[in-house]
Amino acid sequence: MKINCNCVQASKTALQQQGIDPEKMEDVLSHYADKEGALITILQQAQDIYGYLPVELLNYIALRTGNKPAKVLGVATFYAQFRLAPMGKYLIMLCKGTACHVNGANAIEEAICDTLGIQEGETTADGLFTLNNVACLGCCSLSPVMMINGETYGTLTPDKARSILASIQQKEAEAK
Amino acid sequence: MRIVVGKGSCGIAAGANKVAAAAESYLKAQGKEMPIGVTGCIGMCYLEPIVDIFDDAGVQHTYVKVNEASIQTILEAELAGKRAEAYLISDEDASILQKQTRIALRNCGIINPENIEDYIAKGGYEAIKACVTTMKPEEVIEQIKISGLAGRGGAGFPTWFKWNAARNAKGDKKYTICNADEGDPGAFMDRAVIEGDPHTLIEGMLIGAYAMGSDEGVVYVRAEYPLAIVRLTKALEDARAKGFLGKNIFGSSFSFDIRIKAGAGAFVCGEETALIASLEGERGMPRLKPPFPAEKGFWQKPSNINNVETYANVPWILKNGGAAFAAMGTENSKGTKVFALTGKIKKGGLVEIPMGAKIKDVIYGVGGGIKEDKAFKAVQMGGPSGGCIPAELIETIIDYKSLAATGAIMGSGGMVVMDETTCMVDMARFFLDFTCKESCGKCIHCRIGTKRMLEILTRITEGKGKDGDIELLEELANQIKASALCGLGQTAPNPVLTTLRYFRNEYEDHIYNHKCTAKQCSALITYEIDAEKCRGCTLCARNCPVNAISGNVKEAHKIDQDVCIKCGKCMSSCKFDAVHKN
């Protein structure tokens, strides 16, 4: 598909104004932009690079891959993995799978929301924590479970969850 | 002496990496540095982290629930030629493996999944070699037919039939696809196989590809399984280096290679046509069948999709003969099945048992019974597509037909055990919440019907249920089943229908008596303080977030029910067991 260069340049400028450098994903695009069926892979790698997928970036990817922006947005919003907003420094993935549910994941969620003052899917005002519920982390025998930046915490109680968050907050406060 | 640490995802979550690091630094300090081996999940998740030490005579000593401190005690004893008895696995726990028949999991927790030589030493890649060098593709399919192997992903469709259809489909390009998008909450069989024995999956796919005349394979793995992706990537590289993947395998005209595609998190992508859409970079939405993927699948080419466990059985079947596999199981279900045993169970983990065993054998025989010896209430099988099997049916035989007769399904192998404290209405609400969120939105009955069902279930658990709600749930459930396009929608009402079938009284209790017998639905319970037991320590009053508790020091306290928000903090903080839920 023929790409209108003015459009690409305008899209790049829009990204740069947001502080997002489109050149960072040039390698990904040069490798995958023309490959059929690679849209999900492009979005996954873009999210690895930028941490999230702002709408302007989706528009840029649409231009470069010859897709309609609606299609790219449609794919990005279909899958749970993709985030359209930036996340906190610490991503809390709280397991809400069946085993965790039976063993009290709701009480853990309440404790986290209480402590941080956010709801599921939100990020704290200080940009430290984002809470995401996930369907199953696959560590059912340790339920209830949460994962923070790849580290798993099992057999949680509301108190244990609170103290884990408190120790991260303390560590961050000391680092300042 | 040789040290092996179990490093499946669950072992790592329990602290296996820390234990391995502690072992390494201890050995270094002792001047006895040695490599620390890795293995996958043995299935005894409740005992993780697990460390195996093989002494110089090759005898294995298994240590369980190891931590950074105990590993030093263990190593100190082992280096002195002794055992650290306190941390050894108990005979009872060790016997759990003997109660199983492990085929798909035959190497999990035994070999090093990152070393292809370990798999080869266990007879790996001999089956594909025999297929390519001595058997015709039709003969391979015939062995699968004799074995009676059926799809382990849930539907239980005969594997040979799919392979045969793909073989007979017209076209020079055919795809062999593995569905490793294990989205069923509470199930992790596929993850354990890929993490613990990735080469068995590769060999299974090779055999399938040879039988069907396919030269390209794709494994669609959940992105939530990063370790599985790492180990499979390594296994593919090693298999290529050995010439098991690539051109002219074992000097024949058969060529085949596999690539990995990371899924992006959508339960519906477990449905094969949705999976294909996702592979093509689209929204994962199912389409009408026929045409079946065997005729028109990935990029409109003939494609075969099997689940991980199905492929994992294939090398064993070809090596031991289809008849050996068919010798296990019942008339309509052959071989073994892996289950992820979780919930209110004492010994949770992965178990593989022959078809035909009873549910009771799994829960009490292998699983050790219910946590805290509470009463067994039900077991949920088949995840969001399955159903709850009540305690009175605990003697039910595990095979496709018997489970379907209960209203549940075999499913991919999730087995979530529930006790008397699990509310069945809340359980149904939980699954509907899941399927409602995961509905792709294509069919109106599934998209809107599950939403309406969820609303009704939510209001019942909130104590706002109305006369007629049960009948309305049934009507909606039957309509969704009848009119949804794909498996997700057709089975979404199952958790509601089975709980209505076996636990209708709980629904009625919620609606008409404003009572939750399991004491889980907070709108329907009250917290009360037992004046006899209360010592007046004031702890509950100080912990109450809404100041609903009053009373003087050293006198019995009281909860103001109008103010109470039923958070349960009083109950969890009371040291005298004086707060009760009613």
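## Nonpolar cores

In this predicted model, the largest nonpolar core has 70 residues, and B:W163 and B:L318 have the most contacts inside it. A nonpolar core is a set of buried Ala, Val, Leu, Ile, Met, Phe, Trp, Tyr and Cys residues joined through side-chain atoms within 4.5 Å; buried means under 20% relative accessible area (1.4 Å probe, protein chains only). Helix α10 (residues 198-212) of chain B gives the most to this core, with nine residues. Helices are DSSP runs of H or I with at least four residues, strands runs of E with at least two, numbered from the N terminus.

A second, separate core has 50 residues, including A:Y32 and A:F78.

## Domains of chain B

Chain B is divided into domain 1 (2-98), domain 2 (116-326), domain 3 (336-419), domain 4 (424-512) and domain 5 (526-581), with bounds from an automatic or database domain assignment. The C-alpha centres of domain 2 and domain 5 of chain B lie 58 Å apart.

## Interface of chains A and B

In contact (heavy atoms within 4.5 Å) are 34 residues of chain A and 47 residues of chain B.

The rule finds three salt bridges across this interface, a salt bridge being a side-chain nitrogen of Lys or Arg within 4 Å of a carboxyl oxygen of Asp or Glu. A:E151 forms a salt bridge with B:K18, with the closest N and O atoms 3.3 Å apart. On the side of chain A that touches chain B, α5(A) gives the most, with five residues.

## Basis

Residues are numbered from 1 along each chain as its sequence is written, and chains are lettered from A in the order in which they are written. Local features need pLDDT of at least 70, and side-chain atom pairs count only at pLDDT 80 or more, while totals for chains, interfaces and linings use all residues; side-chain values use heavy atoms, leaving out hydrogens and water.
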